[in-house]
Amino acid sequence: MALVADELKRKRAEIGSRIDELRAEIALLERQQSAFDEVIQSYDPEYIADMAPRAVRRRKREAVRELAAAGLALRRTSEDG
């Protein structure tokens, strides 16, 4: 049984590494896409970059997390002081 568990853990770690690689690649591609949008807007000021619904949701989630973290930090500060 220990061999099966060890193999499952190894495979899980492998998948986790691949997920991290894909996230890094996606972040790079999003930065490149953003750079293209800026250049396009310099040639066409009326251009509005398409925001994929998925990207919009991700940005909203990130903003909510940041606000929640800031709120937690404020609560901790007010409790300390």
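Accessible areas here come from the Shrake-Rupley method with a 1.4 Å probe.

## Overall picture

This is a predicted model. The protein chain exposes about 7,700 Å². Carbon and sulfur atoms supply 59% of that area.

The protein chain has 81 residues, and 2% of them count as buried. Its secondary structure comprises 2 helices and 0 strands. Helix α1 covers residues 2-43.

## A buried aspartate

Where does Asp 37 lie? Asp 37 sits in helix α1. Its relative accessibility is 18%. Buried means under 20%, so Asp 37 falls on the buried side of the cut-off.

Which residues does Asp 37 touch, once neighbours within four places in sequence are left aside? Asp 37 is in contact with Tyr 47 and Ala 49.

How many salt bridges does the model hold? The count comes to 4. Three of the pairs are described here, one at a time.

Arg 10 is partly exposed, at 43% relative accessibility. Glu 7 is partly exposed too, with a relative accessible area of 40%.

Glu 14 and Lys 11 form another salt bridge, with an N to O distance of 3.0 Å. Again the setting is helix α1, and again the spacing is 3 residues, about one turn of the helix. Glu 14 counts as partly exposed, at 38% relative accessibility. Lys 11 is also partly exposed, at 40%.

## A further pair and a network

Arg 18 and Glu 21 make a salt bridge through their side chains, at 3.4 Å from N to O. Both lie in helix α1. They are 3 residues apart, about one turn of the helix.

Which residues are joined into one network? Salt bridges that share partners link Glu 7, Arg 10, Lys 11 and Glu 14.

## In brief

The protein chain has 2 helices and 0 strands, and 2% of its 81 residues count as buried. Asp 37 is buried and is in contact with Tyr 47 and Ala 49 beyond its sequence neighbours. Salt bridges in the model number 4.

Definitions and conventions
Residues numbered from 1 in each chain as written. Predicted model: local features only at pLDDT ≥ 70, side-chain atom pairs only at ≥ 80, totals over all residues. Heavy atoms only, no water. Helix = DSSP H or I, 4+ residues; strand = E, 2+ residues; numbered from the N terminus. Buried < 20%, exposed > 50% of the residue type's maximum accessible area, 1.4 Å probe, protein only. Contact = heavy atoms within 4.5 Å.
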